[in-house]
Every structure is written in C-alpha cells, then in structure tokens.
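Trainee: Could you walk me through how to read a structure like this one? I would like the general idea each time, and then the case at hand.

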Amino acid sequence: MSALLLVASTALGHFSGQNAVADGASIVVGVAGFLVHMAGRWNLARAFGRGPLFSLGMILFPPLFTLILGLGGSEYQGPRAAQRG
C-alpha cells in the first residue's frame, strides 16, 4: 500500500510546474519503485508456494499478507518455486 501512496503522491502532489524534466523524472522513479515492489512481493509469495491471488494481496496489503505468510503454515520452497509459477 505504501508503494501505491508513493505513486499517487508523486503523480498528484509533487509537481513544480516549472521544470518538466524533473516532473517527468519524478513520475518515472515513482512508477519504477512501484514495479520493483510488485515484482518482489510476487516472487516472495511464489517462493512460499502461494498463488496469484495471494500475490495480489501481498501487493495491495503488504503488512497483513506478510503476517499471514510468516505465521501461517507455508514453507519456503526457494526461488525455483517462484520461477515455476
């Protein structure tokens, strides 16, 4: 969720209006950060053998789904499980 807030604040509130290059760079950095966040959460869920819906939950609500992953019955299967999915 924090990544969504970062993208939203970058897109809506931090434009200077005077420097188009800085504004464009701000958007690119925000979107790139969000994409890295998505990929990391997706791979983490897959490494524990979880499916795409759980991965989506980890992207949208990271604290809740990280607790579920950590305190639940899932076992770490390694990066090979993430590559298979």
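Mentor: Gladly! Let's start with Gly-40, which is partly exposed because its relative accessible area is 39%; buried means under 20% relative accessible area, exposed over 50%, and partly exposed in between (1.4 Å probe, protein chains only). Gly-40 sits in helix H2. Before we go on, some ground rules: this is a predicted model, where local features need pLDDT of at least 70, side-chain atom pairs count only at pLDDT 80 or more, and totals for chains, interfaces and linings use all residues. Residues are numbered from 1 along each chain as its sequence is written, and side-chain values use heavy atoms, with hydrogens and water left out.

Trainee: What is the average pLDDT of the chain, and which element has the lowest mean?

Mentor: pLDDT is the predictor's confidence in each residue, from 0 to 100. The chain averages 81, and 73% of the residues score at least 70. Helix H1 (residues 2-12) has the lowest mean pLDDT among the elements, at 55, while H3 has the highest, at 94.

Trainee: How many helices and strands does the chain have?

Mentor: Elements are DSSP runs numbered from the N terminus: helices are H or I with at least four residues, strands are E with at least two. Here there are five helices and zero strands.

Trainee: Is Ser-55 buried or exposed, and what is it in contact with?

Mentor: Ser-55 counts as buried because its relative accessibility is 0%. It lies in helix H3 (residues 52-60). Contact means heavy atoms within 4.5 Å; leaving aside neighbours within four places in sequence, Ser-55 is in contact with Trp-42, Ala-45 and Arg-46. Our opening residue comes back here: Gly-40 and Ser-55 are 15 residues apart in sequence and 9.8 Å apart in space, C-alpha to C-alpha.

Trainee: Which residues make up the largest nonpolar core?

Mentor: In soluble globular proteins, nonpolar side chains tend to be buried together. A nonpolar core is a set of buried Ala, Val, Leu, Ile, Met, Phe, Trp, Tyr and Cys residues joined through side-chain atoms within 4.5 Å. The largest one here has six residues: Ala-45, Phe-48, Phe-54, Met-58, Phe-65 and Leu-69. H3 and H4 each supply at least two residues of this core. Apart from neighbours within four places in sequence, Phe-48 is in contact with Leu-69, Ser-74, Glu-75, Tyr-76 and Gln-77.

Trainee: Which residues form the nonpolar patch on the surface?

Mentor: Patch residues have over 30% relative accessible area and no salt bridge; like charges are joined within 9 Å, nonpolar side chains (Val, Leu, Ile, Met, Phe, Trp, Tyr) within 5 Å. A salt bridge is a side-chain nitrogen of Lys or Arg within 4 Å of a carboxyl oxygen of Asp or Glu. Here Leu-53, Leu-56, Leu-60, Phe-61, Leu-64 and Ile-68 form the patch, with about 560 Å² of accessible area together (Shrake-Rupley method, 1.4 Å probe; for residues, only the protein chains shown count as cover). The elements giving two or more residues are H3 and helix H4 (62-71). H3 gives the most, with three. Phe-61 is in the loop between H3 and H4, and counts as partly exposed because its relative accessibility is 45%.
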